[in-house]
Amino acid sequence: MMEEEELEFAEDLEAILHLTPEVQLAIEQSLANIDDVVNKIRLKIRRLDDNIRTVVRGQTNVGQDGRQTVSRGTRSCPGGRGRVPGDAVASRGTRSHPVFNLHGLGSFIRRVVPAGREKERCETGTPTILELNPHGSDANSGIKCVRIKAMTRKRQYGEVANLLQGVVNVLEHFHKYMGIPQIRQLSERVKAAQSELGTQILADFEEAFPSQGSKRAGGPSNVLRDACLVANVLDPRIRQEIIKKFIRQHLSEYLVLFQENQDVAWLDKIDRRYAWLKRQLVDYEEKYSHMFPQEWCMTERIAVEFCHITRVELAKVMRTRAKEIEVKLLLFAIQRTTNFEATSRDRRSPTPRKPKAPDNPFHGIVSKCFEPHLYVYIESQDKNLGELIDRFVADFRAQGPPKAGTEEGGAVLPSCADLFVYYKKCMVQCSQLSTGEPMIALSTIFQKYLREYAWKILSSNLPKTSSNSGGLTISSLLKEKEGSEAAKFTVDELCLICSILSTAEYCLATTQQAGLPLEEKLKEKVDKVLVERINLAGEMDTFSTVISNSIQLLVQDLDAACDPALTAMSKMPWQSVEHVGDQSPYVTSVIVHIKQNVPIIRDNLAATRKYFTQFCIKFTNSFIPKFINHLFRCKPISMVGAEQLLLDTHSLKTVLLDLPSIGSQVLRKAPASYTKIVVKGMTRAEMILK
C-alpha cells in the first residue's frame, strides 16, 4: 500500500512540474524586464552588506566577550562538554548571512513567475518577489494536495485544516489564471479533495451522533474537533449540515419527553420546558463546547432551535385543548415565556455576528404562538371594563356630586384617572403579548368604553332638573319670567358642571393632545402596517361635545338669570323720565347675578382657564344682542329717558369689560379677543340710543 501511494505521489508531482512549450514561452515573455529588477535587488544587497559590515565591526568586542563567557560556561558544566562543538556555533553564525547568487536568482524567477504578469508590478520588484513564496509555485500546491488526500484517509484533520487553507489561498490568488491547464487541473483536484473531505466528515458526525434514537452513540473527540476546523474551509453547506445533525440529536430527547399527550406538555407546567433546556445547555458546555469553534455560536443555535420546536409544539397542544385555556393560565404561560426570552437574550454569546443578524433573535420567538388565543384575554378585558364603568356609576350615585368649597369641587372626577390608569395597564400588558391584531381589538374596546364613560358618567350627570333645589330644565331657563326672578342652578350644581367640563377636558387631552396621548401610545405599540387602523377621532368628538354642552349650560343659566331684569327694562315708562340719575335697578340686578355666578365658575375652571374664557365670550355674544333687542322695546321714549338708558348702557359695558376678573383679588387684563367683542357690541347699543 505504501509503495502504491509513493508511486501515485511521484506521478502526480511529475505531471504538475511538466510545462508545455507554450507555457514556457509565455513565462519568458512575461519577464522581459527582469534585468531591471535584478539590478535594483543588487543595489539593495550592496546597501545591506554595508550596513551589516558596520554592525559587525561595532560588535567585535562583544563577540570576544561572548566567546569568553561561553568558554567559562563550558568549563563550569562538565556534563555538556563536547556536545556542542565550537566550530558548529561559528558555522551557524556565518551561515546567517548567505551570499546571494544573482544569476541563479534571475534564472529562478524566469522559471516560476506566472505568465501574463503586468509590466508595472514586474518593474517594482517587491510584489513579484513576495508572490514567489509561497504563492508562486503551483508545484508546491500540488504536493500539498497529494498530502491532503493521504491525511484525509488517516483522518489527520488537524494537519489537513492547515494545508487545505494554504491551498485554497493559492487558488484564490491564481483565480484569473484558470486558463492555464496546470492551474485548472490543480483547482479541480482541490475541489475533489474538498468533496471527499466533506462526505467523510459528515459520515464521522453521523456515526458519533446518529439521527435515530434519543441516546448518543458517541461523544466529543479531538478528531471531530479538528474536523470542524476543516469544515470552516469547505462548502458552508457542510458546516450547516454538521450543526443540523448535532442539534437534532441533542434535542431528540425533548420531543419524546414533551409529547402532546404528556401531562408536562400543558401550559401549567411550561416552566419544565425551559428548565430542561437550561440543563441541556449546561451539559453542552461541559462536554462539547471545546469541540465546536466559538464563532459557530452553538449554544445560541441550540437555544434558538429549541424555541422553534417549543413554539410549534405549544401551538399544537393549545389547538387541541383550546376550551381549557383560561385567562389566568394564559397570562401565566405568557409571562413565564417572555421571561425566558428575555433571559435568553441576556445570555447570548458575545462572539461577533454578521451586521445583518437580528439584534435579538429571541424576541417573541416562542410567545408569538399565544397570539391566536389572545381573544380570551381581550374578552376578559371587555368584561372587566364594563364592570369598571358600572362601578363608577354606582359610586357617583352613592357619593353624590362634588360639593362647592371642597377640594373635589370643580376638579376632575377620580373615576377618570382610574379609567385611564387601567387602560394604560391593559395596553402595556397586551403589547407584551402581541403587536398585531389583538392590539387593534383592544383599541376597539377602549373606544367603546370611552364613549360609555362620556355618556354614563359625564353627560348623564349634567344637571337638568332639581325639584328640591329649584333647578330647572334647559328649556325652562330660556323662558322669560315676568315680575319674578328666574330660578338658577345652585352653587353645587354649578360646581358639578365645572367638574364634568374639567373631566371631559382631561379625557380629551389624554386621548389625543398633551403629554403621552392615548392614541399615540397605541400607535407606538402596534405593527406599522396596522397604525392607520387606530383612530380615536370619534371619541375625541364625544368629549368635545360634553365640553360644549357644559359651557352652554353655564351661559344659559347666567343668561336666564338676567332675563327678568331686561324684561323689566322694556316695561319701564321711559317717556315719563324727568331727570337722569344713577344706574337703573335692572342694571343693578344684572350686575348682582354676574357677581354671583362668574367668580364661582372662574374658580372651578382655574385648571382649564381657556374654557372659562370661552364661557365669557359665549355669554357676552348672547347677552349683548338680547340687550339691544330689549332697547327697541323701550318705546315710546323721551330725550331724558334716552340719556338715562345711555348711562345704563355705559354701566353694563364697564361690568362686561371687567367680567373675566370680576370679584377676584387678582386683577387680570381681559383677553383682547373678548374685549373686542364687548366694545363692538356695546358701542352699537350706544349709537342706537344716541
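Predicted model: local features only at pLDDT ≥ 70, side-chain atom pairs only at ≥ 80, totals over all residues.
How do helix 18 and helix 19 run relative to each other, roughly parallel or roughly antiparallel?

Residues are numbered from 1 along each chain as its sequence is written, and side-chain values use heavy atoms, with hydrogens and water left out.

First, the overall picture. The chain has 28 helices and 0 strands. Helices (H or I, at least four residues) and strands (E, at least two) are DSSP runs, numbered from the N terminus. Of the 690 residues in the chain, 43% are buried. Buried means under 20% relative accessible area, exposed means over 50%, and partly exposed is in between (1.4 Å probe, protein chains only). Now contacts, meaning heavy atoms within 4.5 Å. Take those with a separation of 6 or more: 80% of them join residues 24 or more positions apart.

Back to my opening pair. Two packed helices are described by the angle between their axes and the distance between the axes. Helix 18 and helix 19 pack at about 175°, and their axes are 11 Å apart. Axes are lines fitted to C-alpha atoms, for helices over the stretch in contact, and angles run from 0 to 180 degrees between N-to-C directions. So these two helices are roughly antiparallel. The cut-offs are under 35 degrees for roughly parallel, over 145 for roughly antiparallel, 65 to 115 for roughly perpendicular, and oblique for the rest.

Who meets whom? On the helix 18 side, the residues include Y377, Q381 and F392; on the helix 19 side, they include Y422, C426 and Q429. By class, this contact has 12 nonpolar, 4 polar and 1 charged. Ala, Val, Leu, Ile, Met, Phe, Trp, Tyr, Cys and Pro count as nonpolar, Asp, Glu, Lys and Arg as charged, and the others, Gly among them, as polar.

Look at Q381. It sits in helix 18, residues 375-399. Its relative accessibility is 6%, so Q381 is buried. Beyond its neighbours within four places in sequence, Q381 touches Y422, C426, Q429 and L442.

Next, G400. This residue is in the loop between helix 18 and helix 19. G400 is partly exposed, because its relative accessibility is 25%.

The contact of helix 22 with helix 24 has 15 nonpolar, 3 polar and 2 charged residues.

Now some backbone details. Most residues other than glycine have a negative phi, and most peptide bonds are trans. C297 is not a glycine, yet it has a positive phi of about 55°. C297 lies in the loop between helix 15 and helix 16. At 13% relative accessibility, C297 is buried. The peptide bond from K635 to P636 is cis, with omega near -5°. P636 is in the loop between helix 26 and helix 27.

One last search. How many disulfides are found in the whole structure? The search finds 0. A disulfide here is a pair of cysteine sulfur atoms within 2.5 Å.
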